[in-house]
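Thanks for coming, everyone. I'd like to walk you through one model today, so let's get it up on the screen.

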Amino acid sequence: MKLLVPGCAGFIGSHFLERMLAREAVEIVGWDGQTDKIEHLLDHPRLTLRRRLLKGPEAFVQFEKDLAACDWVVNLAAICNPSQYNTEPLRTIYANFIDGYQIVELAAKYKKPLIHYSTSEVYGRTLSSYLPGQPYDNPELYVLDAATTPMIMGPVQNQRWTYATAKQLLERLVYAYHKEAGLRFAIVRPFNFFGPRMDYLPGIEGEGKPRVLAMFVGAVLNDDPILLVDGGHAMRTITSIHDAIDALVAIIDRPEHSLDHFYNIGNPANEVSMRDLAHGVRRAFARVSGDDRYLEHPIQEIGSKEFYGDGYEDCDRRVVDISAEQERLAWQPHRPLDHVLDETVGYYWRKYGQRAPQRQPATAVG
Ligand code: UGA
């Protein structure tokens, strides 16, 4: 089986490649401009890496050849960092729609099944968030179901939604090609996948504001306060990257059941507020380091305008309904939140714990 994987060297791609290359019958042609998350796979005999972006006519000629020769396309290429949606809206729209639509067109032209990674953010805010009083007393107004839930985004001036709308339009393009031209597809909507190699740690691996877990871990390792945006009331359901990869593999292994559907991939058992997540990260640091002083790491509140700038608006809550996904994929996420945090924080602790001497406990166990 030959897989073509644009965006193969990101967080999800690095775990997907590890899992699929362990199978002897799998060959992968990957495209990506950066390779630091897959350095350990670069010499693999069944991985062909095109170390470049899908830009310009020459790249497209090669990409079309790769696509014509593959059995599946798994498109993981995206910009998925909320701090960029309102500050770099053009880049966000181009990366998440314009670049993606060319892949969809080619998959349709060559009749290759396409697994397209979209986002849980296509749902926008919940209906509940617009209601006064006790907005979350009716699950029908906030539980997100791939077949029935409407998608609700704020005004155009709130550029947070550039990403969600670009992703939604690409989903609609995939579906239109399915209906009019017979494209076979699976659209995956990830719900806050966490795990090793997620994003970059600010102040250590790069500058800027990555997603929340990398922000919190970076803050602890840099001995800066953990920042809670708007009081940390937003809720997310956290999914282990390994449970997420199980679902992706099930899509490929069960095409007779899996194709031509939309998938919420998340773990409803792991719902947490950002405030509780901050406490969970502190506990995970204490466990992996053996030093209870991490339980006291400072947490500070910050307004979203100060943190993200103008045009930011938040998704309030993402409770995921996965009943159809469980049945179609014979899949069940089972890794609890503390397990996910221990694995991820432990990974970064082993890599960078020594770089935070002022926080380095005498009893650290690595
Ligand atoms: C992002 C992407 O936009 C989605 O496409 C993607 O599916 C999702 O991550 C994901 O990881 O699956 P979001 O969950 O809003 O969506 O992104 P985060 O940056 O992880 O923020 C989560 C919450 O934490 C937000 O309420 C944010 O305001 C808050 N936050 C973030 C903090 O309180 N402190 C921080 O330092 C960073």
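I'll take the sheet to begin with, then the ligand, then a few single residues.

A word on where this comes from. This is a predicted model, so local features need pLDDT of at least 70 and side-chain atom pairs count only at pLDDT 80 or more, while totals for chains, interfaces and linings use all residues. Residues are numbered from 1 along each chain as its sequence is written, and side-chain values use heavy atoms, with hydrogens and water left out.

Okay, the sheet. Seven strands make an open sheet, in the order β3-β2-β1-β4-β5-β7-β12, and the pairing is parallel. When I say strand or helix, I mean DSSP runs numbered from the N terminus: E over at least two residues for strands, H or I over at least four for helices. Two strands pair if DSSP finds at least two bridges between them. And which strands stand at the edges? Those are β3 (47–50) and β12 (261–265); each has a single partner strand, so one side of each is left without a neighbour in the sheet. On average, neighbouring strands here are turned by 15° against each other, direction ignored. For angles, axes are lines fitted to C-alpha atoms, for helices over the stretch in contact, and the values run from 0 to 180 degrees between N-to-C directions.

Strand β1, residues 2–6, pairs with β4 in the parallel sense over two bridges, and Leu 4 sits opposite Val 73 in β4. Strand β4 covers residues 72–75, and both its faces are covered: Trp 72 and Val 74 on one side, Val 73 and Asn 75 on the other, all buried. Buried here means under 20% relative accessible area, exposed means over 50%, and partly exposed is in between, using a 1.4 Å probe and protein chains only.

Next step over, β4 and β5 are joined by three bridges, again parallel. Val 73 has Leu 114 as its bridge partner in β5, and Val 74 has Ile 115. In β5 itself, Leu 114 and His 116 point one way, Ile 115 and Tyr 117 the other way, and all are buried. From there, four bridges link β5 to β7 in parallel, with His 116 opposite Ile 187 in β7. Ile 187 also stands opposite Phe 262 in β12, where β7 (residues 185–190) and β12 run parallel, joined by five bridges. Helix α5, residues 161–181, packs on the sheet and touches β5, β7 and β12; its direction makes about 160° with that of β7. Contact, by the way, means heavy atoms within 4.5 Å.

Leu 227 puts a polar backbone atom 2.7 Å from a nitrogen atom of the ligand, and Val 229 has a polar backbone atom 2.9 Å from an oxygen atom of the ligand. How much is covered up? Taken alone the ligand exposes 700 Å², and the protein buries 98% of that, with areas from the Shrake-Rupley method and a 1.4 Å probe.

On to the backbone. Most residues other than glycine have a negative phi. Lys 111 is not a glycine, yet its phi is near 55°; you'll find Lys 111 in the loop between α4 (89–109) and β5. Arg 197 also has a positive phi, about 75°, and sits in the loop between β8 (193–194) and α6. Buried or exposed? Lys 111 is exposed, at 64% relative accessible area, while Arg 197 counts as buried at 12%.

Last stop, two helices. In α1, residues 11–21, nine of the eleven residues are buried, among them Phe 11, Phe 16 and Met 20. Val 281 belongs to helix α9, residues 274–289, and is buried, with 0% relative accessible area. Leaving aside neighbours within four places in sequence, Val 281 contacts Leu 213, Phe 216, Val 220 and Leu 341. Val 281 and Leu 341 are 60 residues apart in sequence, but 6.6 Å apart in space, C-alpha to C-alpha.

Note on methods: A polar contact is a pair of N or O atoms within 3.5 Å; within protein, one must be able to donate a hydrogen and the other to accept it, and residues adjacent in sequence count only if both atoms are side-chain atoms.
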